[in-house]
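Student: I would like to go through the side-chain interactions of a model with you. Could we begin once it is on screen?

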Amino acid sequence: MRSLGSVQHKIPCVFLTEVKEEPSRKRDCQQFQVVATETLNPVALEADIHGAVATEKIDGTCCYVTLYNGRPHLWARLDRKPNKQAEKRFKKHQQQHRSCRGFSWDVEEDFKIVPEAWIPALRVQHLNGHPVPDEYGHIPGWVPVQKDNKQYCWHGSVLDPEGGAVLVLRPGGDEDEEELEVSAVPLADQMERTLELIGTNVNGNPYGLGSKKQPLHLLVSHGSFGVRNPPPVDFHQISSWLREGPGGRVEGIVWHCSDGTLIKVHRHHLGLRWPDGGASLGERPVVVRVVGGENTDRKDLFSSFCRLNGQRFSRLQDVHFDS
C-alpha cells in the first residue's frame, strides 16, 4: 500500500454529528455525547470520500517520527491542555451550550507548561506567535521519547537500544493475506510519519498483547492496514458492517483521501461498543522477522523478538517469550 497521510490533528467524522444529552462513553465527566447523524459531512464530500482508501482505525496512542538533535527520533503525543482554572471555565461553557465552540482562550495564561522540547503538531494554527487550541481546548503536539522518562517507558520499549530502529507490526507476505509481520524498521524509513503504539499497557489492550509479567508493545504505521471490501460510505451500511461484517471487529475506519485529508468513523459515533468481542487484529497469524541483538543476556523487548526470529504464531495475541 502506498504511504498515506499522517495524523497531526483531530480527524473529522465522515458524518455530521449532533449532541445527545447523555453521559459520554469516551470522556469522563462529560454529560453529553457526540453521535453521528445519517448526513455525510461536507468536508468528506469535498475531499472525494468515495474515492478514498479505507483503512483500519488502530486503537493505541499516537507517535511521530521526526528529527531531534539532528537525527530521526520517536516522539510521543502530548497535547498541551488547560490549567485547572481555565478547564473549569471551559467545562461550564460546555454544560451551558452543549458545545465546545465559541469559547475564548487566553493562550498565554490558560495552558499548562510543557517540556522545553515540546513542539506543536503540524497544521496547528498560530496567533501572535502562539499555537491556538482546537475546539476541544487542546493544542496537539509532540515530545521526544527519552530513555530516562518513565512516563514514556512503553514507547521506549519498541526502540532498539543499540541502534536507530523500531519494532513495527505490518502486513506480512503475499502468500497469506491475513498474516502479519513483526519487523525491525529503521527510524529513518519512518521520517515524518505517524504511528500508533499498541500493546499491554495502552488503552486497555484491546488486541490482547503480552501480559503484566511480559509486556509487549509494537508500532503500527497509520494507514498500513487496508480494509478489504469496505462498506459503501452510508450510515446504515457502515453500521451493519461494523456489527456483522467479517472484517468489522475494528475500532473504526479511517479514509485517506487523495488530497491528504483524513476522515474517520468510530464505533462510538454509531452507538456501538468497543471492544466488542475479540478485535480481529489480535486474532490474525503473525511471523517474527527481527534480526540482530547478539547480546542474548539482554532482557529488553527488542532482544526478546530477536530470539523469536523466524517463528510463526497462529494469532498475534499468542506471541510469548520464554521465561
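Student: Which residue lies over the face of W142?
Tutor: R77 does, at 5.7 Å from the ring centre. A charge counts as over a ring if NZ of Lys or CZ of Arg is within 6 Å of the ring centre and within 35 degrees of the ring normal. This is a predicted model, in which local features need pLDDT of at least 70 and side-chain atom pairs count only at pLDDT 80 or more, while totals for chains, interfaces and linings use all residues. Residues are numbered from 1 along each chain as its sequence is written, and side-chain values use heavy atoms, with hydrogens and water left out.

Student: And what sits over the ring of Y136?
Tutor: The charged end of K10, 4.7 Å from the ring centre.

Student: Back to R77: which side chain does it meet in a salt bridge?
Tutor: The side chain of D79, with an N to O distance of 2.5 Å. A salt bridge here is a side-chain nitrogen of Lys or Arg within 4 Å of a carboxyl oxygen of Asp or Glu. D79 is buried, with a relative accessible area of 18%, whereas R77 is partly exposed at 24%. Buried means under 20% relative accessible area, exposed over 50%, and partly exposed in between, using a 1.4 Å probe and protein chains only.

Student: How many salt bridges does the structure hold?
Tutor: The structure holds 11. One of them joins the side chains of E179 and R312 at 3.1 Å, N to O. E179 lies in the loop between β10 (165–171) and β11 (180–186) and R312 in strand β17 (residues 312–313), so this pair ties together parts 133 residues apart in sequence. Helices (H or I, at least four residues) and strands (E, at least two) are DSSP runs, numbered from the N terminus.

Student: Are those two partners buried or exposed?
Tutor: E179 is buried, with a relative accessible area of 11%, but R312 is exposed at 52%.

Student: What about E181, which side chain does it meet?
Tutor: E181 forms a salt bridge with R289 at 3.3 Å, N to O. The pair links strand β11, which holds E181, with strand β16, which holds R289, 108 residues apart. Salt bridges that share partners also join E177, E178, R228 and R284 into one network.

Student: Changing topic: how many aromatic pairs are there?
Tutor: A search of the whole structure finds eight. Rings of Phe, Tyr and Trp (its six-membered ring) pair if their centres lie within 6.5 Å; planes under 30 degrees apart count as stacked, over 60 as edge-to-face and the rest as tilted. Among the pairs is F15 with F235, edge-to-face at 5.6 Å centre to centre and 65° between the planes. F15 is in strand β1 (residues 15–20) and F235 in helix α4 (residues 235–244), 220 residues apart. Both F15 and F235 are buried.

Student: Why is the pair of F90 and F103 edge-to-face?
Tutor: Because the planes of F90 and F103 stand at 65°, with the ring centres 5.2 Å apart. F90, F103, W105 and F111 form one aromatic cluster.

Student: Which peptide bond is cis?
Tutor: The bond from W274 to P275 is cis, with omega near -10°. P275 is found in the loop between β15 and β16.

Student: And where is N69?
Tutor: N69 is in the loop between β4 (61–68) and β5 (71–77). N69 has a positive phi of about 55°, although it is not a glycine. Most residues other than glycine have a negative phi.
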